[in-house]
Every structure is written in C-alpha cells, then in structure tokens.
Amino acid sequence: MGEAEWRARLVQTVAQQVRRRRLEMGLSVQKLADICTEQYDLPIKRSVLANFEGGRRPALSVVELLVLARILAIPPAELLFPVGRDDTTEVLPDTPTDPWAALKWFTGETDRLPDDDEATQDATTVGLYRDHERLLGEWWANRRKLERILATSRDPELRKFRSEADPVSVDDHMTQAAADAMRRVEEATQVVRADMRSRGLTPPRLGLESAYIEPESFEGTTLDEHARAVAQVRGISLDDAVRQVYESAGEPLPAEQNDDARGDGE
C-alpha cells in the first residue's frame with residue numbers, strides 16, 4: 001500500500017469513529033460543527049464535517065482530532081485506533097497492527113510495535129511519569145488505610161466490638177505497618193523524581209498533603225505547614241512531625257524544638 005492510500009485509510013478510520021460516536025451521543029453534524037466553532041474557536045462548516053465523515057475529505061489536522069475527541073468525550077488515540085472494533089489498524093504504511101498494541105505504542109506504554117525486531121522508540125519518560133502516578137496512588141491507599149485504623153482505635157464505641165485479646169497492640173502493629181509502607185513509597189517517589197530531574201524533566205506538582213515527600217519542590221508552603229499535614233496523615237504529634245519534615249528538608253530545627261530536645265537530654 002502506498003503512502004497516500006495509507007493516509008486515506010487512516011483518515012477514514014477516524015471518520016468512522018467520529019460518526020459512530022456522534023450518533024451515540026445524539027449529535028447532528030450541524031450541532032457538532034456549532035460546538036467546534038462556538039466552544040473551541042475552531043470554525044468548521046457542516047459541509048466540511050459531512051464530507052469528512054463521508055470520506056470526501058482526505059485530511060484531518062491534529063487540532064481537529066483533539067477538538068473532536070474532546071467534544072465526543074473519547075480518547076484521541078481511540079479515534080485513531082478503534083480498540084475492540086477493528087481486528088487490525090494501519091498504524092504505519094504496510095504495518096497492520098492490533099489496535100490495542102497500536103494504542104499502547106502511541107501512548108508510550110510499550111516501546112515497540114508487534115513484530116519489530118528492535119525497540120522503535122524511547123518510552124522512558126512516559127514510564128517515569130506512570131511510575132510516579134502509581135506510587136502516589138499507593139501512597140494515598142496506605143494513607144486511607146492508616147486513617148481508618150486511627151479512626152477505629154480512637155472511637156470507644158467501635159473498640160468495644162473488637163474481638164482481639166489486645167486491640168491496642170493490634171492497632172499499633174497495623175499503624176506501624178501502614179506508616180512503614182507509606183515511607184517506602186515516599187522513598188521510591190523521591191528516587192523517581194530525582195531520575196526525572198536528571199533527565200531534564202519537571203516532576204509533577206505534589207499536593208499539600210503529600211508535599212513533605214519533597215518539601216523543596218513545593219514553593220509557597222512552609223515546612224511548618226508540611227509538618228501539620230504529616231501529623232494529621234500519620235497520626236503523630238506535631239513535634240515529631242516537625243522533626244521529620246525539617247530533617248527531610250535538611251534544615252535545622254526551629255529554636256523551640258532545639259530547646260525541647262536539650263531539655264529532654266538533661
């Protein structure tokens with residue numbers, strides 16, 4: 001198949017998916033054209049969209065692909081590679097590929113297309129950001145687990161239904177296990193973020209409640225605010241949280257904390 005035929009086939013695939021999704025949503029061609037123009041500043045005539053869907057317009061810009069995908073509430077990659085709807089897709093000239101494999105190659109989830117002898121692209125960056133997202137998901141899961149443990153252990157009405165011989169010991173063990181899991185995830189997240197920076201990349205912004213993982217990256221928030229978040233998340237005293245956050249940031253403890261530490265040692 002020549003390049004022109006491949007390009008026409010690819011555009012036809014997108015056109016079919018646009019029409020299918022438009023009809024599912026109950027949109028007329030005119031309504032779709034109006035939304036493109038009025039909401040996304042993409043002037044496009046009804047006749048142009050009709051010709052596109054009918055195969056009489058053999059081209060589609062990246063901008064048009066993105067806007068149509070947004071309006072039709074479907075991933076842009078799924079317009080290109082209709083997963084579950086076609087057996088194969090012409091991902092490249094003379095390269096029929098399973099649509100799911102093509103989509104993963106397009107998004108960087110894999111570094112090669114099927115039947116390639118060697119890797120065809122460097123998917124390291126996408127992999128790092130996926131790892132970062134996965135780690136933060138694990139962090140939040142452990143945080144929620146820790147919050148449930150603390151809420152149960154502090155509620156006397158719930159405690160009376162506990163069947164363990166020593167519920168306090170059980171709670172302490174579960175709390176420590178969840179806190180340790182959070183700490184391991186935090187350390188792994190720090191490694192991933194350092195790897196991103198070493199490659200000239202900007203790590204995703206951390207929210208306030210997880211910012212103490214890397215305090216120096218969260219501008220506009222003080223270490224004391226980080227400490228309050230740590231104390232709330234981990235169920236520890238504010239003094240202990242202040243020590244953890246300041247040590248993690250490589251900063252000296254506040255004067256009052258140092259005074260308390262000296263007093264404890266006397």
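Q: In the largest nonpolar core, which residues touch the most other members?
A: The largest nonpolar core has 33 residues, and those that touch the most other members are V14, V18, L32, C36, L49, I71 and L79. A nonpolar core here is a set of buried Ala, Val, Leu, Ile, Met, Phe, Trp, Tyr and Cys residues joined through side-chain atoms within 4.5 Å, where buried means under 20% relative accessible area, exposed over 50% and partly exposed in between, with a 1.4 Å probe and protein chains only. This is a predicted model, in which local features need pLDDT of at least 70 and side-chain atom pairs count only at pLDDT 80 or more, while totals for chains, interfaces and linings use all residues. Residues are numbered from 1 along each chain as its sequence is written, and side-chain values use heavy atoms, with hydrogens and water left out.

Q: What is L32 in contact with, leaving aside neighbours within four places in sequence?
A: L32 is in contact with V18, R22, L49, L68, I71 and L72, contact meaning heavy atoms within 4.5 Å. Apart from the core described above lies another one, of 13 residues, including L146, L150, M182 and I213.

Q: Switching to α3, which of its residues are buried?
A: The buried residues of α3 are L49, A50, F52 and E53. Seen down the helix axis, they fall within an arc of 160°, so they line one face of α3; the arc is that of the directions from the helix axis to the C-beta atoms. Their cover includes α1, α2 and α4.

Q: New topic: how many aromatic pairs does a search of the whole structure find?
A: The search finds two, counting rings of Phe, Tyr and Trp (its six-membered ring) whose centres lie within 6.5 Å, with planes under 30 degrees apart called stacked, over 60 edge-to-face and the rest tilted. In one of them, the rings of F81 and F106 have centres 5.7 Å apart and planes at 70°, so the pair is edge-to-face.

Technical notes: Helix = DSSP H or I, 4+ residues; strand = E, 2+ residues; numbered from the N terminus.
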